[in-house]
Every structure is written in structure tokens, then in C-alpha cells.
Amino acid sequence: MHSAPMRTIHDDVEEVLLSADALADRVAQLGAQLSADYAGRDPVLVSVLKGSIVFLADLIRAMEIPLSVDLMEVSSYGSGTETSGQVRILKDLSASIEGREVIVVEDIIDTGLTLNYLLRYLWERNPASMRICCLLDKPARRLAEIEIDYTGFTIPDRFVIGYGLDYDERYRNLPYVGVLRPSVYSSPSEE
Ligand code: IMP
């Protein structure tokens, strides 16, 4: 009579770190602040696929000034969980940013190596200015010194998922930011 209970992505979450409401409130504040700071400046928001898409989608709808959006995709050389700092551009900007006011929109800054590379790459394209807007700052493991202009939340050194962030391409569709259950990481092959 009863079918098996549906397993959902929520079952793999150990703890909710930032609720959907907390995210919405903070993103609204960031959007209002950016709208005020960039009034009359027609900024271009440059975001990095894929983790930033949910944040970007909400952030631009919290902004009321004219703006444009461009997307890049990068991949770090070397596999595993550590970023090497060597970055390959998989998808480049679609339009020139020369002379433009650039806001780099990032989901999370961990070691900072990826963003460090990206910033150098973007500065070579001669923007008029460049600032960083990052939803989550995880300073514990920082290796590259990066000045973040707009930060959503500073979080502890835990691997988080949801609101665009993935583990093995899953969980991006969680509406909150959570911590994954350790049992999901520890596959039998690694034991
Ligand atoms: P970084 O070069 O170490 O700063 O790497 C940043 C990238 O690593 C982010 O854009 C994410 O794609 C990924 N990353 C770092 N920490 C986490 C996490 O806690 N959850 C999911 N992805 C993460």
C-alpha cells in the first residue's frame, strides 16, 4: 500500500548552517549596498560557474540599478580537494571589461588561490575598477591574501553544500547552506 519513503537531499545534511531566510536577508542587504555604491556606474557582475549561480541570481534581483552580467568557468589543475592555484579557463568572458566597473561575484573563498589567479587574469583586461563580492568567506585555510570588499557570511572551516555549492555536483539545489553528513564522504573504497 505504502511506497518507500522518498529519500531527499535533505537527508544527507547534518546541520543547517545558514537558513534560507538568513541568506535572503543578507543577500537583500548586499544588493541594497551594491545598488547604493554603484549608482550611476553601470557595473558588470562577473561570476564564476557553477557554484555562484544561485547567489548571483538572487543578488542581481536585489539590485535596482542598471547592470550587466558575464560568466566565466574555470577549473583547477590537479584533482582532489586541494586547489593548486593553477587554473584553466573553460569559459571566458563574452564581452570586454575594458574601462568597466567590475564586481566579481563568488560563492565561497577558501584557500583563495582560484580567485587570486582570476583577479590577475581580469586586471590584465583593464577594467576601470574591480571589487569582490563573496557570499561565504572561509578564512581558516587561506593561502592567498585577498581583500574582500563585500562579504555575506564568515564561516568556520567546514565543507558546506547548498545554495549553489556542491559535493560531487550534488546538493546545489538545497535552498540553505548546510554541512554534509560525514557518512556521505567516507565511501567504503576509501576505508
Ligand atoms: P579556493 O581556490 O580554495 O578558494 O577554492 C574556491 C572554490 O572551491 C569555490 O569556488 C568552490 O567551488 C570550492 N569550495 C571551497 N570550499 C568549499 C565548500 O565548503 N563547499 C563547496 N565547495 C567549496
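At 46% relative accessibility, N126 counts as partly exposed, a class that lies between buried (under 20% relative accessible area) and exposed (over 50%), as judged with a 1.4 Å probe and protein chains only. The structure is a predicted model, in which local features need pLDDT of at least 70 and side-chain atom pairs count only at pLDDT 80 or more, whereas totals for chains, interfaces and linings use all residues. Residues are numbered from 1 along each chain as its sequence is written, and side-chain values use heavy atoms, with hydrogens and water left out.

N126 is found in the loop between helix 3 and strand 6; helices (H or I, at least four residues) and strands (E, at least two) are DSSP runs numbered from the N terminus. The phi angle of N126 is near 55 degrees, a positive value in a residue other than glycine. A positive phi, near 70 degrees, also occurs at E169, likewise a residue other than glycine. E169 belongs to the loop between strand 8 (160–161) and strand 9 (177–180), and with a relative accessible area of 44% it is partly exposed. Another backbone feature is the cis peptide bond that joins L49 and K50, with omega at about -5 degrees. K50 itself lies in the loop between strand 2 and helix 2 (53–61).

D70 is located in strand 3 (residues 68–76). D70 is buried yet has no salt bridge, and the nearest side chain of opposite charge, that of K91, is 4.2 Å away. A salt bridge requires a side-chain nitrogen of Lys or Arg within 4 Å of a carboxyl oxygen of Asp or Glu; for charge, Lys and Arg count as positive and Asp and Glu as negative, while His and the chain ends are not counted. The side chain of D70 does reach the backbone nitrogen of A95, at 3.1 Å. This is a polar contact, that is, a pair of N or O atoms within 3.5 Å; within protein, one must be able to donate a hydrogen and the other to accept it, and residues adjacent in sequence count only if both atoms are side-chain atoms. Beyond four places in sequence, D70 is in contact (heavy atoms within 4.5 Å) with V44, L45, V46, S47, K91, L93, S94 and A95.

In helix 3 (residues 113–123), the buried residues include L113, L115, L118 and L122. Their cover includes strand 2 (44–49), strand 3, strand 4 (87–91), strand 5 (101–109) and strand 6 (129–137).

The ligand is surrounded by 16 residues, of which T111, G112, T114, K138 and V160 are the closest; a residue is near a molecule if one of its heavy atoms lies within 4 Å of it. Strand 5 contributes four residues, the largest share of this shell, and helix 3 supplies at least two.
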